[in-house]
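My plan is to look up the overall build, then a few single residues.

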Amino acid sequence: MYQGTLIFATGNANKVKEVQALVGNSIAVKSLHDLNYFDELSETHDTLEGNALEKAQFIFEKFGENCFSEDTGLEVEALNGEPGVYSARYAGPDKGAAENMDLLLEKLQGKTNRRARFRTVISLIINGTEHRFEGIAEGYILEARKGSAGFGYDPIFQPDGYDKSFAEMTLEEKAPISHRGKAVKQLIEFLKLF
Ligand code: IMP
């Protein structure tokens, strides 16, 4: 089992809490805020892998501590993987989830193939070496919004095997089948064996 501290290169306290609860007490998961770092991390690559590594590498070099970061995108088959790495800012830099969903629904109008997947990439750096993990949730884009829980594209994404969208699920239902949940599970399995 990996012992000691691990920095999660994010300012999102909820994400840190979630991972801390899963890894148990032998690892202390710290956020960037715990290190008094409040700036936005740059994401200059056009792949999830590139951005995840960029963020983890920057923090490893800055603080000299083992760390990991994650990057997530929604990849729509009929749009050649769009919005992908640009999911958060699909409709523009100062637009939100509502505008992003509107744009996606508009682009899919008249298309029969609505297959899509969420993909999360985690980049872990231990003693300077990168280890990468991936989690995928397969499903499709609905014709219209359903449900109000969750965030981002949740109301228009329905995972395979369910007749409800991510936004109609509780956190407990969504976490184990979600892209992020699956990627974190892989990370934890690796840390257990480390
Ligand atoms: P991040 O890398 O976790 O910040 O995710 C990037 C973007 O992908 C978010 O701003 C959302 O638009 C979208 N996204 C990521 N995860 C989810 C999810 O679980 N449900 C819906 N949208 C998500």
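I start with a term: helices (H or I, at least four residues) and strands (E, at least two) are DSSP runs, numbered from the N terminus. With that I place Pro83, which is found in strand S4 (residues 82–84). A cis peptide bond joins Glu82 and Pro83, and I read omega as about -10°.

I note the ground rules. This is a predicted model, in which local features need pLDDT of at least 70, side-chain atom pairs count only at pLDDT 80 or more, and totals for chains, interfaces and linings use all residues. Residues are numbered from 1 along each chain as its sequence is written, and side-chain values use heavy atoms, with hydrogens and water left out.

**Overall build.** I find five helices and seven strands in the protein chain. Read from the N terminus, their order is β-α-β-α-β-β-α-β-β-β-α-α. The C-alpha trace spans about 50 × 30 × 25 Å along its principal axes.

I also looked up contacts (heavy atoms within 4.5 Å). Of those between residues at least 6 apart in sequence, 54% join residues at least 24 apart.

Next came burial. Buried means under 20% relative accessible area, exposed over 50%, and partly exposed in between (1.4 Å probe, protein chains only). Buried residues make up 44% of the 194 residues.

**Gln158.** Is Gln158 buried or exposed? Gln158 counts as buried because its relative accessible area is 5%. I place this residue in strand S7 (residues 157–159).

Then I checked polar contacts. These are pairs of N or O atoms within 3.5 Å; within protein, one must be able to donate a hydrogen and the other to accept it, and residues adjacent in sequence count only if both atoms are side-chain atoms. The Gln158 side chain makes one with the side chain of Lys146, at 2.9 Å. The Gln158 side chain also reaches the backbone nitrogen of Ser165 at 3.3 Å. Leaving out residues up to four places away in sequence, Gln158 touches several others, including Gly139, Tyr140, Leu142 and Asp163.

**Two asparagines.** Asn36 lies in the loop between strand S2 (27–31) and helix H2 (48–63). Its phi is near 60°, a positive value in a residue other than glycine. Asn36 counts as exposed because its relative accessibility is 62%.

Where is Asn80 found? I find Asn80 in the loop between strand S3 (67–76) and S4. Phi of Asn80 is positive too, near 55°. Asn80 is exposed, at 76% relative accessible area.
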